[in-house]
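Trainee: Can we go through this model together? I'd like to ask about it piece by piece.

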Amino acid sequence: MTISGVVRDLLDRQILFIGGKGGVGKTTIAASLAISAADLGYTCLLVSTDPAHSLGDIFGIEIGDSETTVSENLTALEIDPERTATAHIVTVKDNMKRLVHPRLYSEVDRQLELAAHAPGTMEAALLERVAELVCESGSKYDLLIFDTAPSGHTVRLLSLPEIMSSWTDGLLKHRAQSGRFAAMLKTFGNAGQASDELSHLDSVADHAPDSPEDRIQDLLSARRRKFIITRERLLDAKTTSFLLVLNPDHLSILETEKVITSLLSFDIKIAALVINRALTSSISGSGEFINSRRTQDSEYLDRIKSVFGSFPRVVVPLQPRDVYGFDSLRDIGKKLL
Amino acid sequence: MTDPSNASVWGRLGTLLSEFYNAPYRGAVARARRDEDDLFMLFVFAELLGIPNPATYYTLELQPVLLERFHQWHTRMGLEHSPLDHFRCC
Amino acid sequence: MRDDIDYVPTNRFVLWGHHFTAVAGAAPIIGPGIAVIWGWLPAFLWVVLGTMFFAGVHDFGAIWASVRNQARSVGSLTGDVVSHRARTLFMIVIFLLLLMVNAVFAVAISNELQVTPSAVIPAWSAVFVAIVIGLLLYKMHVAITWPTIAGTVILYAVIYLGELVPIELPAQILGLGPGAQWILILFFYAAVASMLPVWLLLQPRDYINGIQLFIGLGILYGAVLITSPTVVAPAINPNVPAATPPLMPLLFVTIACGAISGFHGLVGSGTTSKQLNTETDARFVGYLGSVGEGALALVAIIAATAGFATLADWEAFYQTYGTQGTSAFVQGGARIAADGLGLPLAFAQTLLAVMAILFAGTTMDAGVRLQRYIVQEWGTIYNIKPLQNGYVATGVAVGACLVLAFGAGGSGGTGGMVIWPLFGTTNQLLAGLTLLVVSVILVKLGRPSRYTMIPMVFVTTMAFVSALIQLRDLYAAGNYFLVIVDLLIVVASIFVMLEATSAFIREKRKSAAAAR
């Protein structure tokens with residue numbers, strides 16, 4: 001049941017997302033693909049967005065929130081959203097402190113600390129990093145592989161760019177409306193005194209280049225651009241592909257169906273399914289237990305074929321031992337490609 | 001345009017007519033603009049009024065830019081004193 | 001009102017001027033023109049007392065309530081203060097009123113254009129002059145004084161030209177007579193005008209209107225003071241023509257604007273309140289706005305009673321109820337102006353006709369604009385996408401007005417003036433409802449409400465009785481279309497009245513309990 005070539009082709013995309021329920025073996029598959037791609041000559045960045053990172057564990061190397069070389073052509077990164085959030089807040093704090101008396105610095109610190117723990121901050125920080133990587137993807141690496149957190153989070157992460165670009169659009173619309181009013185005022189309000197009082201509210205042609213209105217416009221536009229580019233690249237099938245990993249068991253199949261439907265509602269299509277840890281006929285052995293399990297797996301594989309027939313599928317057999325370390329990862333890689 | 005200090009009859013007539021032509025529209029538009037801006041401020045500083053803001057991460061970076069307008073804004077919102085501990089504008 | 005330093009306060013007289021010209025339509029001219037059929041005294045008393053105790057209170061109240069609540073309209077406030085159902089019905093009454101305003105003014109203008117063909121060119125030139133002024137001031141930033149003077153002079157010059165070149169529409173186009181043709185043209189104009197940018201037509205046209213209004217009032221009152229014309233009409237007419245409806249209550253709905261008018265509340269709370277600086281401006285602007293209206297109505301009474309040479313002339317003119325509207329003003333006023341200021345009679349007639357037409361015209365496109373807003377609002381509330389579009393909404397509004405104008409007056413389009421008493425009735429009902437809502441707000445604030453409640457009771461009673469009388473008369477005349485419209489209005493108003501009254505009682509109890 002190996003469809004060779006499909007997964008191999010995916011390596012020519014720039015970005016690969018590996019998703020699936022917790023515990024199905026995403027990290028294994030992602031790491032295998034990465035090392036295999038690296039062996040084939042692609043420069044590869046393997047990124048983990050799962051808060052419970054296991055990239056370092058699987059390679060036996062300390063990876064962190066910065067790009068770490070794992071082997072030739074292969075670099076890895078474990079995103080730490082907290083660090084990102086903190087850095088973001090530090091920037092805001094610095095900007096604020098410039099406007100405030102030094103004796104109040106500790107107050108600014110205290111107030112903004114709270115923002116670090118607000119719900120949504122970690123997600124936003126994570127999205128920030130993913131967006132940066134996605135936007136720059138072509139330049140430094142041939143291939144970017146994301147080992148994502150368990151499905152629900154992934155779907156959310158992928159839907160955020162669209163939602164947030166709508167949000168920034170909304171804010172920009174308000175600014176545009178305000179700007180239109182200001183332009184009208186310029187023509188109405190011309191009784192000398194009137195225009196002075198109003199001009200400090202800025203906005204129209206003859207103001208200093210760094211007026212608050214410009215800054216707001218710049219910040220919002222930059223955000224918007226980032227979200228839009230991220231979304232475009234994620235939806236472009238020639239740039240980005242999604243692989244879902246599942247195990248041949250009941251819950252896994254149900255979960256995968258749900259994920260596919262969710263992702264479809266965001267226009268995200270699945271490129272291939274990887275059925276991991278299958279007891280295939282290539283695995284010898286007999287006995288009631290093995291036979292029962294093998295029969296069950298066979299049934300599930302059939303079911304997967306009927307439910308997910310339209311998607312290319314690759315089956316990776318259950319290995320005799322745990323998979324970690326370069327060699328066993330390369331083995332898996334051979335099964336995939 | 002018209003210089004209010006021009007005391008000639010003609011000049012005063014011009015100012016009066018201009019006021020008659022523009023003033024109510026000016027007031028209405030300026031007020032509409034202020035409402036628009038106040039709404040924006042609300043989005044950015046929502047937490048200070050006790051409104052949870054799910055986009056905190058993004059509005060945070062807009063806060064320093066809008067700090068100058070903060071005093072007028074919070075007064076209009078009905079908060080007599082600055083709710084921002086670290087920005088005692090009044 | 002929030003106190004803030006962003007604005008240069010606007011001069012109250014400027015605000016008053018704008019409010020006055022916005023509400024001063026043709027109604028204070030038409031109403032008294034019709035009402036003097038009962039003699040000059042009733043009309044005179046109603047205008048004077050109405051302005052002081054009713055209109056002033058109503059207009060001021062509506063503006064005040066609005067200013068206090070982020071310049072929202074009275075309809076919107078009803079939703080908060082009474083109930084959402086009351087608000088829906090209130091909006092229906094408003095919509096029907098606007099329908100009638102537009103329809104009846106279109107008919108009035110159409111009639112006047114036919115009777116005074118010399119007014120055609122000047123009236124339409126005013127639109128052109130306004131657009132030019134708008135472009136000069138807004139786009140080319142020309143200083144205002146010269147365009148104003150030039151525009152005014154041109155308008156008066158064109159009036160002279162109009163006499164030389166009177167225009168009459170062909171007797172039949174596609175089966176439509178000149179009356180119908182004019183009505184269609186007018187609504188087309190109103191639709192387009194309501195959609196153009198403010199600075200291009202609305203702003204300069206209101207400006208010119210205002211100037212015309214003050215000059216016109218100046219001419220008429222000046223002439224009156226100079227000649228002291230004799231009032232030939234009787235104080236109370238003993239020979240009221242046969243088919244005339246009874247003085248009570250019809251007087252009170254025949255003259256609405258100039259004594260009390262719900263329409264003013266719409267304009268006041270919809271537009272004026274957005275322009276005011278503080279609540280305290282509301283009294284000055286609202287009250288004096290009605291006083292201005294009253295002044296116009298008064299001069300219309302004078303024109304209609306003292307502008308005739310003899311009693312016989314006057315009686316010949318007032319043969320049937322309801323047809324005199326603008327003509328009394330134009331004919332009578334022109335005679336007075338001619339006598340008093342030595343203006344040629346034909347010129348004076350054209351001048352006054354143009355004035356009346358322009359006032360009615362600006363009310364029309366303000367009315368269409370307001371209607372469009374309501375339609376769009378319904379589109380938003382009831383989620384009917386097409387209605388939210390400006391063009392569609394305008395089309396719906398104008399379409400409805402046309403249905404009324406032709407449905408009531410027949411395809412000739414000239415009989416539409418029969419709507420006038422119904423218009424007056426709806427107007428007063430709306431005024432009554434507005435007063436009631438304002439009263440509820442007052443009670444909520446723990447303030448005395450009798451100054452609004454007393455006029456409210458009076459006006460509403462008169463309006464209801466009139467509505468019922470008209471139901472009977474319209475039914476007898478076979479005008480079933482208007483019968484239905486009348487019924488709609490009555491039913492909607494009763495509902496709003498009931499809900500608002502119960503809200504009033506509720507609030508009264510609450511504040512009485514709180515006081516203990």
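This is a predicted model: local features need pLDDT of at least 70, side-chain atom pairs count only at pLDDT 80 or more; totals for chains, interfaces and linings use all residues.

Trainee: How many bridges join S7(A) to S8(A), and do they run parallel or antiparallel?

Mentor: There are 5 bridges between S7(A) and strand S8 (residues 313–317) of chain A, and the two run parallel.

Trainee: What makes a β-α-β unit with S7(A) and S8(A)?

Mentor: Helix H11 (residues 288–307) of chain A does, and the unit it makes with S7(A) and S8(A) is right-handed.

Trainee: And which strand is joined to S7(A) by 4 bridges?

Mentor: That is strand S6 (residues 240–246) of chain A, which runs parallel to S7(A). One bridge pairs A:Leu246 with A:Ile275 in S7(A). S6(A) and S7(A) also belong to a right-handed β-α-β unit, with helix H10 (residues 250–265) of chain A as its helix.

Trainee: Is S7(A) buried or exposed?

Mentor: Largely enclosed by the rest of the structure, because 6 of the 7 residues of strand S7 (residues 272–278) of chain A are buried.

Trainee: Now S5(A). How many of its residues are buried?

Mentor: For strand S5 (residues 143–147) of chain A, 5 of 5 are buried, and the strand is mostly covered.

Trainee: Which residues point which way from S5(A)?

Mentor: A:Leu143, A:Ile145 and A:Asp147 point one way, A:Leu144 and A:Phe146 point the other way, and all of them are buried.

Trainee: Which strands are joined to S5(A)?

Mentor: Strand S1 (residues 15–20) of chain A is joined to S5(A) by 4 bridges, and strand S2 (residues 44–48) of chain A by 5 bridges. S1(A) runs parallel to S5(A), and S2(A) is parallel to S5(A) too.

Trainee: What does A:Asp147 pair with?

Mentor: A:Ile18 stands opposite A:Asp147, and A:Asp147 is also the bridge partner of A:Ser48. A:Asp147 is one of the buried residues of S5(A).

Trainee: Stepping back, what does the secondary structure of chain A come to?

Mentor: Chain A has 12 helices and 8 strands. Its radius of gyration is 25 Å, well over the 20 Å that the globule rule gives for 337 residues, so chain A is more spread out than a compact globule.

Trainee: What box do its C-alpha atoms fill?

Mentor: Roughly 95 × 40 × 35 Å, taken along the principal axes.

Trainee: How is chain A divided into domains?

Mentor: Domain 1 takes in 6–79 + 142–286 + 298–336, and domain 2 is 90–121. The C-alpha centres of these two domains of chain A lie 30 Å apart.

Trainee: What share of chain A is buried?

Mentor: Of its 337 residues, 40% count as buried. As for contacts in chain A between residues at least 6 apart in sequence, 76% join residues at least 24 apart.

Trainee: How many residues of chain B are in contact with chain A?

Mentor: 37 residues of chain B are in contact with 38 residues of chain A. Helix H1 (9–44), helix H2 (56–60) and helix H3 (63–66) of chain B each supply at least two residues of the side that touches chain A. H1(B) gives the most to that side, with 15 residues.

Trainee: Last topic, C:Leu113. Where does it lie?

Mentor: C:Leu113 lies in helix H5 (residues 84–115) of chain C.

Trainee: Why does C:Leu113 count as buried?

Mentor: C:Leu113 has 25 C-beta neighbours inside 10 Å, and the cut-off for buried is 20 or more.

Trainee: What does C:Leu113 touch, leaving out residues up to four places away in sequence?

Mentor: C:Leu113 touches C:Ala119, C:Val120, C:Trp182 and C:Ile357.

Trainee: How far apart are C:Leu113 and C:Ser502?

Mentor: They are 389 residues apart in sequence and 48 Å apart in space, C-alpha to C-alpha.

Definitions and conventions: Residues are numbered from 1 along each chain as its sequence is written. Chains are lettered from A and ligands numbered from 1 in the order in which they are written. Domain bounds come from an automatic or database domain assignment. Two residues are in contact if their C-beta atoms, placed from the backbone, lie within 7 Å. A residue is buried if 20 or more other C-beta atoms lie within 10 Å of its own, exposed if 12 or fewer, and partly exposed in between; C-beta atoms are placed from the backbone. Two strands pair if DSSP finds at least two bridges between them. A crossover is right-handed if, with the strands pointing away from the viewer, the path from the first strand over the helix to the second runs clockwise. The radius of gyration is taken over C-alpha atoms; the globule rule is 2.2 Å times the number of residues to the power 0.38.
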